[in-house]
Amino acid sequence: MENPKELKYTKEHEWVKVEEDNVVIGVTDFAQHLLTDIVFVELPEMGKEIEQGKPFMVIESVKSVSDVYASVSGKISKVNEDLQDNSGLVNDDPFGRGWLVKVKIKDAKEIDKLMSAEEYEKFCKEEENK
Amino acid sequence: MVPFSGWNMPVQYTNIMDEHNTVRTKAGLFDTCHMGEFNVKGANAKKFLQMMLVNDIEMLIPGKSQYSMMCYENGGIIDDLFVYMINEEEYMLVVNADTTDKDFEWLTKHKFKEVELENLSRKTGKIDLQGPLSEKILQNICNHNISTLNRFRFVDAAVDGKKVIISRTGYTGEDGFEIYSDSDDTVNIWNLILENGKEEKIKPIGLGARDTLRLEACYNLHGHETNEKISPVEASSGWAVRVHKTNFFGKEILIEQKKNGTKKINAAFEMIDKAIARDHYEVQKNNQEIGIVTSGTFSPTFKKSIGLAFIQKEFSSPGTEIDILIRGKAHKAKIIKKPFYPYKGKHIDIKEDQKWKIQKNLSTLKSMNG
């Protein structure tokens, strides 16, 4: 699956989409492949303050628990309720219906630190070869 | 690939859910070469194993195997294992990978006279073919009629001209076989089974699904439900301890525990709240710690979160609500009667055992009467 050009990416395999003063956060196709069989997503509470680089929610596959790290700092403004009953959406459509949360962002400059699709692809190749 | 007891093992070949369902509905092939095999033989082999193991070898007949445990004098479990009776004076023990060296040392240390003990682990390859279509696949490529082979029975046979032991046992809750061969032949047998099972849509299965399958069937995993600090009775495997035996390691304390019970035992639970319990999570009742989770996962068969926990006995009856601390928050769960997934394969044929025993007693009588 292609990494959409309009999104920004983190080294923890999350993507960020800017929508005015909110950003949407999800995990990449590369990440969902590594996680496989996502069976549970523990969404954060609305209004929770999150900090760039710190874990703020978890995704569970059959075998493991994985932290999701905040791509940006801010306040949770929306969570993807559909994942409560259908966490497999993250596997099936990671860049679309499998989005995780929306965040009211604190500092737009943080987004500039993130990778472009091209940079992220290069990063994934390096990871695979490790 | 992950390191596992000194072996590199795949957690999954495709994905756990798919592999799990393949074993439940069709057939899956497991690489279990990491497990250890010992040969025990000699005039005193039976006496020796009776001393070292908690189950009763007298209940075996040649060509039959049995689940057992090896304990310290204080009742702690050194390992859980399978005993295969080859004949009255020769046995094979199949032990866990992680404990192979420790087991062998312990057995060597206590070996009786006229017992030969050999560690065959490196020379022996083992693969498990499990699932409802296993018999059909294996029958095509082996020279022995396995349709008449009952559960816990094994035979010497040949696959592609190579010597194997085929045993109707497994660790999944399904019908299936464990196939032992010379490790030089194992890769060929592996490929041959996969090739022959194509039509049945056989798949190789990783450690991940091995764990979800055994957990649904409520089979203990050493290092989780059992360890050196837990006794067979506490691990809810007291049924395998035969207290009428003359003497064995752990006898005294295990008799006492079977009679009076233990403070804690292992029980099965399912989550009521939406969350997954994992091993080592704390179990609570009324905000008090009552034990820990020993294994937990999402059940691919039942599509819910299940697990086993070592908890205070008074909270272990089916229906009892308990709390499990998951990332600092209490989540509701309830105790379920074991197992989640009852064994679906062939059953034991007791008649065959009885026939053999009558014959054996007759021949003993004859020899006694000269």
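**Entry 1: a buried arginine**

I began with B:Arg214, which counts as buried at 0% relative accessibility (buried means under 20% relative accessible area, exposed over 50% and partly exposed in between, with a 1.4 Å probe and protein chains only). I note that this is a predicted model, in which local features need pLDDT of at least 70 and side-chain atom pairs count only at pLDDT 80 or more, while totals for chains, interfaces and linings use all residues. Residues are numbered from 1 along each chain as its sequence is written, chains are lettered from A and ligands numbered from 1 in the order in which they are written, and side-chain values use heavy atoms, with hydrogens and water left out.

I then looked for the partner of B:Arg214 and found a salt bridge with B:Asp211, at 3.0 Å from N to O (a salt bridge is a side-chain nitrogen of Lys or Arg within 4 Å of a carboxyl oxygen of Asp or Glu). B:Asp211 is buried too, at 16% relative accessibility.

**Entry 2: other salt bridges**

I searched the whole structure and found 24 salt bridges over all chains. One of them joins B:Lys102 to B:Glu228, with the closest N and O atoms 2.7 Å apart. B:Lys102 lies in helix 3 of chain B and B:Glu228 in the loop between helix 6 and helix 7, so the pair ties together parts that are 126 residues apart in sequence. B:Lys102 is partly exposed at 29%, and B:Glu228 is partly exposed at 34%.

**Entry 3: a buried glutamate**

Which side chain of opposite charge is nearest to B:Glu234? I found B:Lys264, 8.0 Å away, and B:Glu234 is buried yet has no salt bridge (Lys and Arg count as positive and Asp and Glu as negative, while His and the chain ends are not counted). B:Glu234 is placed in the loop between helix 6 and helix 7 of chain B. Leaving aside neighbours within four places in sequence, its contacts include B:Thr262, B:Ile265 and B:Phe310 (contact means heavy atoms within 4.5 Å).

**Entry 4: rings**

I counted 15 aromatic pairs over all chains (rings of Phe, Tyr and Trp, the last by its six-membered ring, pair if their centres lie within 6.5 Å, and planes under 30 degrees apart count as stacked, over 60 as edge-to-face and the rest as tilted). The rings of B:Phe302 and B:Tyr341 have centres 6.4 Å apart and planes at 55°, so this pair is tilted. B:Phe302 is partly exposed at 33%, whereas B:Tyr341 is buried at 9%. I also saw that the charged end of B:Arg24 sits over the ring of B:Tyr341, 3.6 Å from its centre (NZ of Lys or CZ of Arg must be within 6 Å of the ring centre and within 35 degrees of the ring normal).

I looked up the peptide bond from B:Lys338 to B:Pro339, which is cis, with omega near -10°. B:Pro339 is found in the loop between strand 19 and helix 8 of chain B. Lastly, seven of the eight residues of helix 2 of chain B are buried, so this helix is largely enclosed by the rest of the structure. What covers its buried residues includes strand 4, strand 5, helix 3 and helix 8 of chain B.

Key: Helices (H or I, at least four residues) and strands (E, at least two) are DSSP runs, numbered from the N terminus.
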